[in-house]
Amino acid sequence: MTYLDYQATTPPAPEAVEAMRPWLADGFANPHSAHAPGRRAKAAVEAAREAVGDLLPPGGAVSFTSGATEALNWAIKGTRGPIVTLATEHAAVLDTVAALAGQGREVTIVPVGPDGLIDLNAARAAIRPGIGLVAAMLVNNEIGVIQPIAAIADLAHAAGATMLCDAVQGYGREIISDACDLVAISAHKIHGPKGVGALWIRDGVALDPLLHGGGQEAGGRSGTLSPMLCAGFGAAATLAKQRFGADRAHVAQLFRAAHRALGSAGWTLNGSLDERYPGNLNMRRPGLDVARLMSDLRDIAFSAGSACASGSGRPSHVLRALGLADGDARSSIRLGFGRYTSEEELMSAIERIDAAARAQQVAA
């Protein structure tokens, strides 16, 4: 199996797996208990918190959550006032603000251009005094486009608003702007375990709780933490920091080779070529039946877009926000690759993907 779906999840790092192993059986104690086993478990959690925080801006606190979806829900529902966000945000943001809009909270969705980048003039008009929260994704999960988070944050702060950054796809891969007030991240996107994420909260920013109970975490998040999952997250974060330059160089080389091959074969890139994370290659081919393509190539794991919306039958809201017609949106594939992808396996998969796509046209 050739795995090319890194935006959906990443293969676990061996170092993260080993870091979790001691806490799977003997290290079962509750990290919120005062006895010796509990204190050892808490020490593991705090070491992980420090490691996760090393990839985030200074001047804030890391609160562990069950994942990025909880972190984003907490950040959005924990603030007050009108909300401004982007048309290409993840469903964890768009569905949450839609639910709040249904309850009477004012929501403005700012469009993006054909390259997937925010229209800063439209953002400037929308982010007016009185706005409570501005939410924007650092690296788009479907097309890899990098938004100008610092510029958006400047607009937010000038209006007196709080800036939330969904950094799930960018954490450990891109520098996260110091201008953010809230940052949502997830372990399984950086070769850590599923089931744990975090919300970074800038000092002085107060949130209403999403979960009520013991208030164990900084910021007031309630719930018993898993030392195993936290340890895996911490190990993955440490490795991401150590390999930051090497990982970036590797995916950049993979992107150049893959984009060149598909581009010369008649495929078109979705989203900006320059302002993007190179581990994401989203391309379209006119008339392509993506479902058939995936069925023909079952030993290659790739996707037609967000894993969270797979099977819905709807064209990607991200690609439609770029102005693509439904047909073009449905004729697009997303290839995600990273640390553990070799150039040889990527190029072999691309050759087979292109051949299968061409065979469709011949059959038609």
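Which residue is the bridge partner of threonine 268 in strand 10? The partner is arginine 284, and the sheet around this pair is one of the topics below. The model is predicted, so local features need pLDDT of at least 70 and side-chain atom pairs count only at pLDDT 80 or more, while totals for chains, interfaces and linings use all residues. Residues are numbered from 1 along each chain as its sequence is written, and side-chain values use heavy atoms, with hydrogens and water left out.

- Three strands form an open sheet in the order 9-10-12, with antiparallel pairing; strands are DSSP runs of E with at least two residues, helices are runs of H or I with at least four, and both are numbered from the N terminus.
- At the edges sit strand 9 (268-269) and strand 12 (332-336), each pairing on one side only; two strands pair if DSSP finds at least two bridges between them.
- Strand 9 and strand 10 (residues 280-284) run antiparallel and are joined by two bridges.
- Helix 8 packs on this sheet and touches strand 9, strand 10 and strand 12, where contact means heavy atoms within 4.5 Å.
- The direction of helix 8 makes about 5 degrees with that of strand 10; axes are lines fitted to C-alpha atoms, for helices over the stretch in contact, and angles run from 0 to 180 degrees between N-to-C directions.

**The cavity**

- One cavity of 30 Å³ or more turns up in a search of the whole structure; a cavity is a set of points on a 1 Å grid over the protein atoms alone where a 1.4 Å probe fits but cannot get out.
- The largest cavity has a volume of about 150 Å³, a volume being the space filled by probe spheres set on the points, which are joined across faces, edges and corners.
- Its lining has 15 residues, with Gly172, Arg173, His191, Asp247 and Tyr277 nearest the centre; lining residues have an atom within 4 Å of a point.
- Helix 8 (residues 244-264) gives the most to this lining, with four residues.
- The lining of the largest cavity divides into seven nonpolar, three polar and five charged residues; Ala, Val, Leu, Ile, Met, Phe, Trp, Tyr, Cys and Pro count as nonpolar, Asp, Glu, Lys and Arg as charged, and the others, Gly among them, as polar.

**Two residues to look at**

- Histidine 191 lies in the loop between strand 7 (182-186) and strand 8 (197-202), and has a positive phi of about 75 degrees although it is not a glycine.
- Histidine 191 counts as buried because its relative accessibility is 5% (buried is under 20% relative accessible area, exposed over 50%, partly exposed in between, with a 1.4 Å probe and protein chains only).
- Threonine 69, in helix 3 (residues 68-77), is partly exposed at 47%.

Key:
On a 1 Å grid over the protein atoms alone, a cavity is a set of points where a 1.4 Å probe fits but cannot get out, and a pocket is an open set with protein on both sides within 12 Å along at least five of seven lines; lining residues have an atom within 4 Å of a point.
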